[in-house]
Each structure stands twice: as structure tokens, then as C-alpha cells.
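This briefing covers a pocket and the aromatic pairs of one structure. The topics follow below the view.

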Amino acid sequence: MVKERARILVVGGGYVGMYTALRLQRKLKRELRQGAVDITVVTPDAYMTYQPFLPEAAAGLISPRHVVVPLRRVLDRCHIVVGEVTSIDHAARTAALTTLATEAGGPVEHLAYDELVLAPGSVSRTLPIPGLAEHGIGFKTVEEAIGLRNHVIEQLDIASSTRDPAIRDAALTYVFVGGGYAGVEALAELEDMARYATRYYHNVQPEDMKWILVEASDRILPEVGEEMGRYTVTELRRRGIQVLLGTRLESCADRLAVLSDGQRFPTRTVVWTAGVKPSPLLAATDLPLNERGRLRCTPRLTVDGTDHAWGAGDAAAVPDVTAAGPGAETAPNAQHAVRQAKVLGDNVVHALRGEPLETYAHRYAGSVASLGLHKGVAQVYGRKLKGYPAWFMHRVYHLSRVPTFNRKARVLAEWTLAGLFKREIVSLGSLEHPRAEFELAAGGKPPHSPTDNPKGSS
């Protein structure tokens with residue numbers, strides 16, 4: 001039984017935020033009914049995105065709405081606030097936040113709390129590369145994934161409808177920067193989709209397209225091991241994809257990708273997936289951070305040297321107690337985040353009830369990656385798989401991990417239907433400007449077309 005009324009603030013609605021809140025509302029059912037506990041979740045979006053499915057959503061194999069989990073439905077005993085925490089004064093137990101009402105002219109809100117769960121996640125790590133802000137496309141949200149799908153198909157339309165070789169060449173050149181999971185899976189799935197789509201274009205052939213993966217280090221997919229990483233490079237190159245290792249993007253201004261090895265590629269598509277960094281919110285708190293800007297935590301997921309504050313996930317530096325050497329930290333990935341959330345939720349309950357805390361310990365099981373339909377690589381508990389078995393394991397694993405039975409059933413149904421029917425190859429880029437036609441009819445200025453809009457069609 002909780003000793004006194006507790007206000008729990010969960011910052012972030014991603015893996016850690018959602019799973020922690022879900023664990024808390026399950027463990028504190030009686031206290032929630034009695035009003036002894038209040039759980040508030042502040043999140044920029046009213047849904048959690050299952051990011052491993054973003055490449056398949058971009059390829060059109062899964063509907064966008066099935067990649068996300070609605071928080072209000074899952075966390076029905078919590079207060080969901082759609083907004084962003086801008087600063088935290090933990091000494092005073094208050095958090096400042098902006099909401100949609102703030103954008104409409106309302107004041108900045110301040111929330112008081114007793115227990116803080118800080119899980120704001122990460123943001124894309126960018127570099128001051130000329131042209132990147134104007135022309136780069138990220139791949140971290142479902143909106144970016146679907147926007148990229150629309151963009152790739154639009155480039156096929158542009159190439160099919162022009163006689164200008166320069167425009168055609170730039171439209172059919174796709175540059176992906178970053179050889180981690182996001183970059184490799186996104187490129188592989190979209191290349192697979194675009195290759196299929198060319199059968200419906202009378203004047204565009206698969207060999208007309210250039211797909212380029214740029215990676216600054218000497219290997220890709222380090223999570224699946226060196227051997228599987230080399231296999232992935234061989235497999236991608238066999239498909240005609242250029243894999244440039246030890247190479248950096250130096251500029252993409254004026255729709256020209258300039259690489260550190262001197263190569264230059266006119267392109268309308270630069271996808272940036274070169275890593276992430278902790279949420280900038282952490283710098284606006286009075287909590288301890290490490291040299292990389294991540295929240296310094298203990299193996300029990302408390303913030304180091306701080307009472308009533310907890311952290312996990314991408315934004316937290318959690319010691320890996322299973323590592324052989326000292327100083328190791330758990331990797332910022334979904335495998336750890338989901339398991340950390342379970343321990344974190346339990347420990348908050350233990351703290352409220354005056355019970356001993358648990359230690360987070362999980363030995364890394366391995367990784368799986370999709371390289372397109374029926375293609376993949378995996379290294380799980382030391383066992384290496386490639387091709388169809390790895391792709392099948394990738395699907396089985398992530399189907400088992402996606403939250404809620406509702407989402408599992410819908411994703412499985414879509415995969416089944418995708419095996420029975422042909423791919424849907426259509427761009428809905430106009431959805432990004434739903435009022436464009438009405439504005440034009442009402443005498444307004446026409447919006448930027450896909451060929452002119454630097455943000456929508458870089």
C-alpha cells in the first residue's frame with residue numbers, strides 16, 4: 001500500500017514512457033481507484049511509434065496507423081497530455097510544458113510531481129553540412145517514413161515525365177547517409193519497393209536508378225556482427241546498390257551530394273539516418289548528465305545521486321551489469337528499453353511502498369534486420385542467419401514485440417493480404433498539403449509543387 005498520495009510524472013510516450021506507465025497502472029490498480037496515485041504522461045504525440053516497422057511502412061507493407069499505438073486507449077487510467085516538457089526543476093518538483101493550447105495563445109503550463117520518470121528519447125543527430133537542413137529527410141517518425149515513400153514514388157513520376165536527362169538522373173538517384181539499422185533497412189525496403197514499381201513505368205527500368213549508402217566507418221550494421229555486416233554489404237552490392245564505406249557526406253547544397261572521396265551525385269533525395277542524440281530537454285534540467293549528454297543513472301534505474309527521479313531508454317546512461325569490463329552501458333535500443341521499462345515501473349512501485357529496489361540486468365540477445373521482402377540478416381545468441389530464415393525471424397520477433405493484441409492481429413492480417421495481392425504503388429504526397437486545392441480555388445497562391453518544395457521533396 002502506498003504510504004501517501006503520489007503524483008507520478010512520465011515524460012515521453014515512447015517505449016520507456018508507454019511501457020512504464022502501463023506497468024504502473026497495472027501494479028497500482030487499487031491506488032488509482034482510491035485516488036492515492038495520479039499518473040500523468042506528457043508526450044508530443046498521442047501515440048507510441050513502433051520504430052522497427054517504419055521501413056515496412058515506408059515500403060507499403062504495413063499501414064501507417066498500424067505502426068502506432070494510441071496511448072489514450074492503452075493507458076486508460078493515466079492522464080495523457082499532448083505537449084512537450086521544456087524544462088524541469090527537480091529541486092522544486094515542477095516541470096514546465098507547452099501544449100497545443102499554448103500554441104493557440106494559452107500560457108505555459110507548470111506541473112507539480114512527486115516522482116519523475118524521464119524518458120524523452122532521442123532526436124536525430126545532425127552535422128553542420130551545407131544543404132542538409134534544406135534538403136535532408138529524416139527517418140525517425142511515421143510521418144517521415146510515409147513522406148519518404150511518397151517522395152520516392154514522386155521521383156519515379158518526375159523521371160517518367162521529363163525529357164531532360166539532368167532532371168531524370170537527379171530524380172532517380174537516392175542517397176542514404178548512415179549504415180545503422182535505420183539507414184540499411186530503409187534503403188533496402190525502399191529499393192525493393194521502387195524496383196517493383198518500375199514495372200508500371202514504361203520508360204523507367206530498375207537499372208536506371210542509383211541507390212547509394214554512405215557510411216563514415218568501415219562497416220555497416222555493427223549490431224549483427226562483423227561477418228553478417230560483410231554479408232549485408234555483399235548482398236546490397238549484388239542488387240546494384242553502391243555501399244561507400246569510410247566515406248562522409250560533405251555537402252548536399254543545390255541538390256548535389258558531395259562526398260569526402262570526391263564523388264558528386266546530382267540528387268533530389270538525401271536521407272539522413274546517421275545516428276541519434278539524447279533529447280535536448282535533458283540540458284534544461286538540474287539532473288546529472290554524462291559527457292554525452294545522457295542522464296546518469298544507476299543499475300536500479302534511479303538518477304544517480306538524486307531521489308524521486310528515474311530514467312531509462314535512449315536518454316539514459318544505464319550501467320550494464322552483465323558486461324565483462326567496468327564502465328559499460330546498455331545500448332540505446334528497443335531491446336533494452338522495453339525491459340528497462342518493466343524494471344523501472346516495478347521499482348517506482350517498490351519505492352512508493354518502501355520495498356527494496358530491483359537491479360536491471362539483461363544480456364544482449366542479438367539483432368535481426370530486414371533487407372527487403374524475403375531477405376534479411378540476424379545474429380541471435382551467437383547463431384547467424386541470412387536470407388529468408390533471417391527475414392522470417394525478423395518478422396516473428398517484431399510481431400511478438402509490437403504492443404497490444406489489436407496491433408499484432410492487424411499487422412499479421414496485412415502481411416497475409418500482402419502475400420496474396422500485389423503491392424500498392426501510389427503516392428499520396430498531396431496529403432501533406434490537404435488545403436492546397438481549396439486555397440487555389442479561393443484565389444490564394446498555389447503551394448510549392450513537389451518539384452519545388454525543398455522540404456517535401458529534397
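In sorting lining residues, Ala, Val, Leu, Ile, Met, Phe, Trp, Tyr, Cys and Pro count as nonpolar, Asp, Glu, Lys and Arg as charged, and the others, Gly among them, as polar. The model is predicted: local features need pLDDT of at least 70, side-chain atom pairs count only at pLDDT 80 or more, and totals for chains, interfaces and linings use all residues. Residues are numbered from 1 along each chain as its sequence is written, and side-chain values use heavy atoms, with hydrogens and water left out.

**Second largest pocket**

- A pocket is an open set of points on a 1 Å grid over the protein atoms alone where a 1.4 Å probe fits, with protein on both sides within 12 Å along at least five of seven lines; lining residues have an atom within 4 Å of a point.
- The lining of the second largest pocket divides into 13 nonpolar, 4 polar and 7 charged residues.
- Of its 24 lining residues, Gly 60, Ile 62, Ser 63, Arg 149 and Glu 424 are the closest to the centre.

**Aromatic pairs**

- Rings of Phe, Tyr and Trp (its six-membered ring) pair if their centres lie within 6.5 Å; planes under 30 degrees apart count as stacked, over 60 as edge-to-face and the rest as tilted.
- There are 8 aromatic pairs in the structure.
- Tyr 15 and Tyr 50 pair edge-to-face, at 6.1 Å centre to centre and 75° between the planes.
- The pair of Tyr 388 and Trp 391 is tilted, because the planes stand at 45°, with ring centres 5.3 Å apart.
- Tyr 15, Tyr 50, Phe 53 and Trp 415 are linked by ring pairs into a cluster.
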